[in-house]
Amino acid sequence: QVQLVESGGDLVQPGGSLRLSCVGSGLPFSRYALRWYHRAPRSLREMVAEISSAGDSTEYADSVKDRFTISRDNAENTMYLQMNDLKPEDTGVYFCHAFSVLGSYWGQGTQVTVSS
């Protein structure tokens, strides 16, 4: 059974930082590219960052460039999202997504709230 489990969401003040984690099990983690998605309140889910299966290529949405950093540790089956200089508009649920020719899987999400 494939599972992706996110953690690290919290309530944080504007300008603060958080690190989200996504741990995968039941799949050959290193063979999957990975993405973080953000679903703001009353909005659709949007991709914020992507990392290649080997971790040697990354992409970011314009809204998070220079603030968020995606990384992965294939030995630990874990992906991270370092979030700095958080803004109220970063509030929402963050999901991890694993995808390849082998399949596509989603986690349940972790809540991030940026508020003073």
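This briefing describes a predicted model, covering its strands, core, disulfide and salt bridges. Because the model is predicted, local features are reported for pLDDT of at least 70 and side-chain atom pairs for pLDDT 80 or more, whereas totals for chains, interfaces and linings use all residues. Residues are numbered from 1 along each chain as its sequence is written, and side-chain values use heavy atoms, with hydrogens and water left out. An open sheet of four strands, one disulfide and four salt bridges are among the features treated below.

**Sheet and strand pairing**

- The four strands of the open sheet follow the order β1-β3-β8-β7 with antiparallel pairing, where strands are DSSP runs of E of at least two residues, numbered from the N terminus, and two strands pair if DSSP finds at least two bridges between them.
- The edges are taken by β1 (3–7) and β7 (68–73), each of which has a single partner strand, so one side of each is left without a neighbour in the sheet.
- Neighbouring strands of this sheet are turned by 15 degrees against each other on average, direction ignored; the axes behind such angles are lines fitted to C-alpha atoms, and angles run from 0 to 180 degrees between N-to-C directions.
- Strand β7 is joined to β8 (residues 78–83) by six bridges, the two running antiparallel, and Thr69 stands opposite Gln82 in β8.
- Elsewhere, β9 is joined to β10 (residues 103–106) by four bridges in an antiparallel arrangement, with Gly103 in β10 as the bridge partner of Ser100.
- Strands β9 and β10 form a hairpin that has two residues between them.

**Buried positions in the strands**

- Ser21, which is placed in strand β3 (residues 18–25), counts as buried at 15% relative accessibility, on a scale where buried means under 20% relative accessible area, exposed over 50% and partly exposed in between, with a 1.4 Å probe and protein chains only.
- Apart from neighbours within four places in sequence, Ser21 is in contact with Val5, Glu6, Ser7, Trp36, Thr78, Met79 and Tyr80, contact being defined as heavy atoms within 4.5 Å.
- Ile70, in strand β7, counts as buried at 4% relative accessibility.
- When residues up to four places away in sequence are not counted, the residues touched by Ile70 include Leu34, Trp36, Ala49, Ile51, Tyr60, Met79 and Leu81.
- The C-alpha atoms of Ile70 and Ser115 are separated by 23 Å, and the two residues are 45 residues apart along the chain.

**Nonpolar core**

- The largest nonpolar core has 26 residues, of which Trp36, Met79, Leu81, Met83 and Tyr94 touch the most other members; such a core is a set of buried Ala, Val, Leu, Ile, Met, Phe, Trp, Tyr and Cys residues joined through side-chain atoms within 4.5 Å.
- At least two residues of this core are supplied by each of β3, β4 (33–39), β5 (45–51), β7, β8, β9 and β11 (110–114).
- Leaving aside neighbours within four places in sequence, the contacts of Leu81 include Leu18, Leu20, Trp36, Val48, Phe68, Ile70 and Tyr94.
- In soluble globular proteins, nonpolar side chains tend to be buried together.

**Disulfide**

- The one disulfide found in a search of the whole structure joins Cys22 to Cys96 with an S to S distance of 2.1 Å, the criterion being a pair of cysteine sulfur atoms within 2.5 Å.
- Cys22 lies in strand β3 and Cys96 in strand β9, so the pair ties together parts that are 74 residues apart in sequence.
- The link of Cys22 and Cys96 is right-handed, with 55 degrees about the S-S bond.
- Cys22 counts as buried at 1% relative accessibility, and Cys96 is buried with a relative accessible area of 0%.

**Salt bridges**

- A search of the whole structure finds four salt bridges, each defined by a side-chain nitrogen of Lys or Arg within 4 Å of a carboxyl oxygen of Asp or Glu.
- One of them joins the side chains of Asp90 and Arg67 at 2.8 Å, N to O, and this pair links distant parts of the chain, with Asp90 in the loop between β8 and β9 (92–100) and Arg67 in the loop between β6 (58–60) and β7, 23 residues apart.
- Both Asp90 and Arg67 are buried.
- Asp62 forms a salt bridge with Lys65, the closest N and O atoms being 3.2 Å apart; Asp62 is exposed at 65% relative accessible area, while Lys65 is partly exposed at 44%.
- Asp85 and Lys87 also form a salt bridge, with their closest N and O atoms 3.6 Å apart; Asp85 is partly exposed at 38% relative accessible area, and Lys87 counts as partly exposed at 28%.
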